[in-house]
Amino acid sequence: RIVDRDPQNTSYRLLYGESLLARGDLEMATQQYREAITLDPKKTDAYLALTSALRAQKKAEEALLVSRQLTKIDPTEAMGWFNVGLLNLELKQPDSSVRAFKQAIALRPNYSEAFFNLALAYEEKGFREDAIQAFKRCASISPVLAPDAYNSLAIIYRKEGLFADAISAHGQAISLRDTSAVFHAARI
């Protein structure tokens with residue numbers, strides 16, 4: 001009703017889109033986000049929301065275009081670069097992914113999610129030492145992601161045949177999140 005009363009208000013459209021997204025009406029949410037962008041082409045929140053809605057619809061290529069558009073409009077938007085990296089990773093383009101994550105980190109040096117996904121991109125490229133360093137950096141700045149980073153480190157070490165390091169990293173993951181059956185199984 002609020003959008004009907006004031007259809008030019010981008011904030012109302014974004015809020016309506018959020019409600020639709022929470023309700024699972026992805027198509028209508030996408031439509032509201034597109035309208036918000038049409039009304040205010042510099043509204044970064046609208047691009048981020050549209051990217052999220054498109055990813056939920058499994059439209060990675062389209063979401064990547066929206067994220068790239070955002071980085072052109074506002075090259076200082078770290079989350080825009082993060083989304084470009086994430087979508088490139090999803091689309092099996094690790095080189096582009098690495099560049100985008102590095103840009104996100106340059107803009108926000110303690111961006112733990114970007115470090116974690118940068119490590120995944122490095123690992124996909126076969127750059128294990130770079131992946132190890134990125135996982136370690138992630139673990140050092142994010143208590144929430146640290147258990148997953150250590151578990152990922154353990155997996156890399158195991159693949160490299162560095163079993164003592166793998167057991168140590170698994171132990172770190174378990175000490176930080178002892179309730180994860182995945183970590184215990186991976187350690188075994």
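Modeller: Let us begin with a pair of helices: α10 (residues 146-160) and α11 (residues 163-176) pack at an angle of about 165°, and their axes are 8 Å apart. Helices here are DSSP runs of H or I with at least four residues, numbered from the N terminus, while axes are lines fitted to C-alpha atoms over the stretch in contact, with angles running from 0 to 180 degrees between N-to-C directions. This is a predicted model, in which local features need pLDDT of at least 70 and side-chain atom pairs count only at pLDDT 80 or more, whereas totals for chains, interfaces and linings use all residues. Residues are numbered from 1 along each chain as its sequence is written, and side-chain values use heavy atoms, with hydrogens and water left out.

Colleague: How are α10 and α11 oriented to each other, roughly parallel or roughly antiparallel?

Modeller: Angles under 35 degrees count as roughly parallel, over 145 as roughly antiparallel, 65 to 115 as roughly perpendicular and the rest as oblique; α10 and α11 are therefore roughly antiparallel. The crossing of α10 past α11 is left-handed, a term used if the near helix is turned anticlockwise from the far one by less than a right angle.

Colleague: Which residues in α10 and α11 meet?

Modeller: Taking contact as heavy atoms within 4.5 Å, A146, P147, Y150, N151, L153, A154, Y157 and R158 of α10 meet F163, D165, A166, A169, H170, Q172, A173 and L176 of α11. The residues of this contact divide into eleven nonpolar, three polar and two charged, where Ala, Val, Leu, Ile, Met, Phe, Trp, Tyr, Cys and Pro count as nonpolar, Asp, Glu, Lys and Arg as charged, and the others, Gly among them, as polar.

Colleague: At what angle do α3 and α4 cross?

Modeller: The axes of α3 (residues 26-39) and α4 (residues 44-56) cross at roughly 155° and come within 9 Å, which makes α3 roughly antiparallel to α4. In α3, the residues L26, T30, Y33, R34, A36 and I37 meet A46, Y47, A49, L50, A53, L54 and A56 in α4, and the residues of this contact divide into eleven nonpolar, one polar and one charged.

Colleague: Which loop holds K58, and is K58 buried or exposed?

Modeller: K58, in the loop between α4 and α5 (60-73), has a positive phi of about 65° although it is not a glycine. Buried means under 20% relative accessible area, exposed over 50% and partly exposed in between, with a 1.4 Å probe and protein chains only, so K58, at 75% relative accessibility, counts as exposed.

Key:
Helices (H or I, at least four residues) and strands (E, at least two) are DSSP runs, numbered from the N terminus.
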